[in-house]
Amino acid sequence: MVPGPDQTNPGRLVGQLQELLEFQKDWGRQFLPKSVKNQEAALPKGSLHRPYESGAALSRAIVECQNCLLARNRRQAVPGEGPQNSILMFIGEGPGFEEDQQGRPFVGPAGQLLTKMIQAINLTREEVYITNVVKCRPPENRDPFENEVEACRSFLEEEIRLVDPRILVPLGSCAAQTLTRTKKKISDLRGRILDFKNRQLIATYHPAYLLRNPGAKREAWEDLKRVRREYDGLQ
Ligand code: SF4
């Protein structure tokens, strides 16, 4: 996760401001925010999410959501999927190209590895809930900005409330930092069991990272075995 627009790169910052201005014009707003840090205040009015009565209602709201700039370039938003009573919830960072095309989470190469990781602990994809921190694809697969994570946070919280999993498995820094509200590296957050609102939180590496760094698979396997042990303890 990166802390908002790149203020060290004037050219990029100007581009982002122009993008923000166009977005606000779409919403009938005619001014730039006083500072780039104020982007959250620039979100459209009425963007507060509410409690949803079902997973289907939540998915509909996600598909229609326009609450941050990521809505502009997406092909489609990608709600989480899986049983509404899953014990286990895997949480990635955001949709990539394939997910944006298909409207489903973790269906590209990283998703195929995630499927194998789930199977390695004798479960199937159909038995777990899989979602992302942000539901729309960041352009060029960049990390989501902090204000985008915050705009989408209540959707993730609603998924957790409705599914009520006992074990959360954030995949990679963005998801682990979002849930723990820290800036710690994934290497500092994995390898132990943390608490998230009386649920177990067992972070591990994102499958995309594992594809680029196969040497980290051994540590990921240790994390997955920990997930399986805790899962068995809940049966
Ligand atoms: S990323 Fe989240 S908050 Fe932003 S438009 Fe998509 S669903 Fe809405």
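**The core and its surroundings**

Modeller: Happy to. Among the 50 residues of the largest nonpolar core, the ones that touch the most other members are Met 89, Phe 90, Ile 91, Val 133, Cys 152 and Val 169. H6 contributes the most to this core, with 7 residues. A core here is a set of buried Ala, Val, Leu, Ile, Met, Phe, Trp, Tyr and Cys residues joined through C-beta atoms within 7 Å. Buried means that 20 or more other C-beta atoms lie within 10 Å of the residue's own; with 12 or fewer a residue is exposed, in between it is partly exposed, and C-beta atoms are placed from the backbone. In soluble globular proteins, nonpolar side chains tend to be buried together.

Please keep in mind that this is a predicted model: local features need pLDDT of at least 70, side-chain atom pairs count only at pLDDT 80 or more, and totals for chains, interfaces and linings use all residues. Residues are numbered from 1 along each chain as its sequence is written.

Let's start from Met 89. Leaving aside residues up to four places away in sequence, Met 89 touches Val 128, Tyr 129, Thr 131, Ile 160, Val 163, Pro 165, Leu 168 and Val 169, where contact means C-beta atoms, placed from the backbone, within 7 Å. In the chain as a whole, 70% of the contacts with a separation of 6 or more join residues 24 or more positions apart. Buried residues make up 38% of the 235 residues.

Now the sheet. The chain has 10 helices and 5 strands, taken as DSSP runs numbered from the N terminus (helices H or I, at least four residues; strands E, at least two). The 5 strands form an open, mixed sheet in the order S2-S1-S3-S5-S4; strands pair if DSSP finds at least two bridges between them. S2 (129-132) and S4 (194-196) are the edge strands, each pairing on one side only.

S1 and S3 pair in the parallel sense over 4 bridges, and Phe 90 has Val 169 as its bridge partner in S3. S3 and S5 (residues 199-201) are also parallel, over 2 bridges: Leu 168 is partnered by Leu 201, and Ile 167 by Gln 200. Helix H7 (residues 173-180) packs on the sheet, touching S1 (88-92), S3, S4 and S5, and its direction makes about 135° with that of S3; axes are lines fitted to C-alpha atoms, for helices over the stretch in contact, and angles run from 0 to 180 degrees between N-to-C directions. Within S3, Ile 167 and Val 169 point one way, Leu 168 and Pro 170 the other, and all are buried. In a regular strand the side chains alternate between the two faces of the sheet.

Finally, the ligand. The closest of the 15 residues around it are Cys 65, Cys 68, Ala 71, Cys 136 and Cys 152, with C-beta atoms, placed from the backbone, within 6 Å as the criterion. H3 (70-73) and H6 (146-163) each supply at least two shell residues, and H6 gives the largest share, 4 residues.

Technical notes:
Two residues are in contact if their C-beta atoms, placed from the backbone, lie within 7 Å.
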